[in-house]
Amino acid sequence: LCPEQLLRPGDDAEIGNVAIMFTDLQGSTQLYDRLGDASAYHLVRDHFAFLAARIQRHDGAIVKTVGDAVMAVFHDPADAVRAALAIQDEVAGFNRVHAGQEIVLKLGLHQGSCIAVTAGGVLDYFGAAVNIASRLEHQCGGGEVILSAAILAEAAARDVLVGRTTRSDQAALRGVSAPVNFVRVAPPPAPL
């Protein structure tokens, strides 16, 4: 091994295949401008609790938050898709409770091999799969869910989409050499 391939003392690492979810609030800068820092921060915290409940309900775990973005992981891609769709379906209820402070979420999911590192008692994930998941979230139009072809390679994950409106797409993602195939899952129709 070369010295740059060695972990620092005290770091524990493991390589594994996980489904990775990234979420972000669309228009959060405008949200802070419109509501003011304290009110917007309170809304962001409520939105974290909303996400955490749905992620945990489907056997996922939040790895970290950065600003108003969330990174979560799942061992089962079908669970990741269930969590993403639950978030997509239930955000309208969140918005009813927060009338006048509605949020629009962007979600991207990908799966692949990555390095899980525990350093200083904190678990984090690194690698190309993490980077692709993050870039896919940026492809999301507010309210839809982006699912990579790698997620949908799993039959159980595809089965979760039965009855959903989807559209295949492809994009060149920053820093990724080949275009990435994915599916856009449209939000459910608004209740009449």
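A disulfide is a pair of cysteine sulfur atoms within 2.5 Å. This structure, a predicted model, holds zero disulfides.

**Cysteines**
- Cysteine 114 has 4% relative accessibility, so it counts as buried.
- Cysteine 140 is buried too, because its relative accessible area is 6% and the cut-off for buried is under 20%.

- Strand 4 spans residues 105-119 and strand 5 spans residues 122-126.
- The two strands run antiparallel and are joined by five bridges.
- One of the pairings links alanine 119 to valine 122, its bridge partner in strand 5.
- Two residues sit between the strands of this hairpin.
- Glycine 120, in the hairpin, takes a positive phi near 60 degrees.

**Aspartate 59**
- Most residues other than glycine have a negative phi.
- Aspartate 59 has a positive phi, near 65 degrees, and is not a glycine.
- This aspartate lies in the loop between helix 2 (37-57) and strand 2 (60-66).
- Aspartate 59 counts as exposed because its relative accessibility is 57%, against a cut-off of over 50%.

**Valine 104**
- Valine 104 lies in the loop that runs between helix 3 (77-97) and strand 4.
- At 35% relative accessibility, valine 104 is classed as partly exposed, since that class covers values between the 20% and 50% cut-offs.
- Neighbours within four places in sequence aside, valine 104 is in contact with Asp24, Leu25, Gln26, Gly142 and Gly143.
- Glutamate 144 is 40 residues from valine 104 along the chain, and their C-alpha atoms are separated by 9.4 Å.

**Largest pocket**
- The largest pocket has a volume of about 230 Å³.
- Its lining is made up of 17 residues, and the closest to the pocket centre are Gln88, Val91, Ala92, Pro187 and Pro188.
- Helix 3 and strand 4 are the elements that give two or more residues to this lining.
- Helix 3 provides the largest share of the lining, with six residues.
- By class, the lining of the largest pocket has twelve nonpolar, four polar and one charged residues.

Methods: Residues are numbered from 1 along each chain as its sequence is written. This is a predicted model: local features need pLDDT of at least 70, side-chain atom pairs count only at pLDDT 80 or more; totals for chains, interfaces and linings use all residues. Side-chain values use heavy atoms; hydrogens and water are left out. Two strands pair if DSSP finds at least two bridges between them. Helices (H or I, at least four residues) and strands (E, at least two) are DSSP runs, numbered from the N terminus. Buried means under 20% relative accessible area, exposed over 50%, partly exposed in between (1.4 Å probe, protein chains only). Contact means heavy atoms within 4.5 Å. On a 1 Å grid over the protein atoms alone, a cavity is a set of points where a 1.4 Å probe fits but cannot get out, and a pocket is an open set with protein on both sides within 12 Å along at least five of seven lines; lining residues have an atom within 4 Å of a point. Grid points are joined across faces, edges and corners, and a volume is the space filled by probe spheres set on the points. Ala, Val, Leu, Ile, Met, Phe, Trp, Tyr, Cys and Pro count as nonpolar, Asp, Glu, Lys and Arg as charged, and the others, Gly among them, as polar.
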